[in-house]
Amino acid sequence: MKVNVCIGSACHLRGSYSVINALQELVKDNKLEDQVEICAVFCLGHCTQAVSVQIDGGEIESVSPDNVYEFFDMHILQRLNA
Amino acid sequence: MRLFDTNVQQLKYSVLKEVVRLAREDKLEDSYYEIPRTIIPGPKATMRCCIYRERAIVEERVKIARGGDRSNENVVEVIDSACDECPVNRYSVTDTCRGCIAHRCESVCPAGAISFDKNQKAKIDPEKCLECGRCMKVCPYNAITESQRPCVRGCKAKAIVIDENKKAKIDEKKCVSCGACVYQCPFGAIVDKSCVVDIVNLLKESENGKKFKVYAAIAPAIVSQFTYAKIGQIVSGIKKLGFHSVIEVALGADIVASMEAKELAEKEFLTSSCCPAFVKYIEINFPKMVDKISHNVSPMVAIAQLIKKTDKNAKVVFIGPCIAKKAEVKLDKAKDYVDYVLTFEELQAMFDGYDVDVENLPEDVLNNASYYGRIFARSGGVAEAVEHVIGRDGLDFHLKAERCDGLDECKVALLKASRGKLDANFIEGMACEGGCIGGAACLQHGPKNRSDVDKYGKLALEANIDESLRILNCFTDNKGEK
């Protein structure tokens, strides 16, 4: 699974770093390093809904440093377990 | 409000704008020959002897705006017909000469270049004159004047020669493509070649990011430019042109500063490598010092590498104040990463050629880099950033930087360094005076530009380089790739 996290200006200002950092840790904690790749991209084109995150080229989700754990459970874990 | 410092820039811009407009409408091939008439409607000449000459010169400008002479490698070209053949002799005697008896000019001249006519009025033999200026200083009537061609005076690389027809000619072996002559020539006879047409076509082919994405990497000197609008509006404007995203080159500068500090601590002496004209100047004039040039790529290349790492199909256009960057992108170390260079002058032409009303656009955001990356735009910024990294990383190295503002200062430092007489271990070289904010393709050059850069630096979300680069370092843990 490839998770793109936007590090463009708008997302950067709203906490890309915290989101990426949290996702990296969650991946590590859940020992998913071989299955999940977190990548940085410059702009997913949804600047008003920052921080933009996209899984495997799918829909663009809006994630904040506050709801990143929820996002990980809902979108990453569930999808991997499906 | 005046957009440019001079009417020469205005003229260059008008041509570029027309070329962009026609290219955008797919009419360039059919209608480019109409541009001279559009720009010089007549019936009266406003710049030269007649509208026919004015139009003939505009025709040449159109060629250069479309890429210029492809057989000539240099990104800077002379338009022969536009060169006004300014006087070549540096010192000349004016009518103020009284034909005195003292003849101080004669006695002080070391070359025996001064003679007198039957009225005892002085004359300088240009063949003998060494251009020392002593005669001018001693004349009690201030009857001797100095004049130098602006292109010659402006070219610190001494690359302008005068050909047998008294036209300016570029000595390709010496030219560092800094573009000083382009900005200095009062007749606009020296021009930088443009790739606006390629960029217009690239944006078209990208189909608004559907086929591939075009990224604008914008140099931090932007802050002192486009003063009629906010930076956020410029970002919106660039996206309106069809660019997918606008990214600060200053983030590339953060990367460079961090690498440069490490390389410096290891090698103990370096010259900076961000200014392509400075690098070229060393290669031409101090070949023995080439191994002292930092091996780091420039911030432009660093940011482009990063962009292409995140998006393999990305196309990158660097937008900045610099003409030498147009030469840098042709080099092996840059050509795979940066696709095109657009100057600030050309960006303004793009906006107007696309009818983008920047002033009335909403503000977008631009924030990728730290304070230190942003101050690369002014002289002293690179050294300051490197010093910051050395301190933060606790590197065992005491930085002694020689900040060289302009090629003349670079030359002095390099001369000293080549003889082991420079009391410094890092030469920060910037070919343009003031640094990039003094770049030849800036719209305006003003005294406030430097403080503007510092103010803008402080607005960065990230105060220091660790903070701006941590986002990239996240990816070193994952699969060992940055």
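How many bridges join strand 11 of chain B to strand 15 of chain B, and do these strands run parallel or antiparallel? In this predicted model, two bridges link strand 11 to strand 15 (residues 426-430) of chain B, and the two strands run parallel. One place to look is B:Leu270, whose bridge partner in strand 15 of chain B is B:Phe426.

Let's step back to the sheet around that pair. Chain B has an open sheet of three strands in the order 11-15-14, with parallel pairing. Strand 11 (270-271) and strand 14 (401-405) of chain B are its edge strands, each pairing on one side only.

Next comes helix 13 of chain B. Its twelve residues (299-310) should span 16 Å at 1.5 Å a residue, and because the end C-alpha atoms are 17 Å apart, the two values agree. Buried residues of this helix include B:Pro299, B:Met300, B:Val301 and B:Ala302, and B:Ile303, B:Ala304, B:Leu306 and B:Ile307 are buried as well. The elements of chain B in the table are among those that cover these buried residues.

| Element of chain B | Residues |
|---|---|
| Strand 9 | 214-218 |
| Strand 10 | 245-248 |
| Helix 11 | 249-267 |
| Strand 12 | 315-320 |
| Helix 14 | 324-328 |
| Helix 15 | 332-335 |

Finally, here is where the chains meet. In all, 18 residues of chain A are in contact with 19 residues of chain B. On the side of chain A that touches chain B, helix 1 (9-13), helix 2 (16-29) and strand 2 (37-41) of chain A each supply at least two residues. By class, that side of chain A has eleven nonpolar, six polar and one charged residues.

Terms used
Residues numbered from 1 in each chain as written. Chains lettered and ligands numbered in written order. Predicted model: local features only at pLDDT ≥ 70, side-chain atom pairs only at ≥ 80, totals over all residues. Helix = DSSP H or I, 4+ residues; strand = E, 2+ residues; numbered from the N terminus. Expected span 1.5 Å × (residues − 1). Buried ≥ 20, exposed ≤ 12 C-beta atoms within 10 Å, placed from the backbone. Contact = placed C-beta atoms within 7 Å. Pairing = 2+ DSSP bridges. Nonpolar A, V, L, I, M, F, W, Y, C, P; charged D, E, K, R; others polar.
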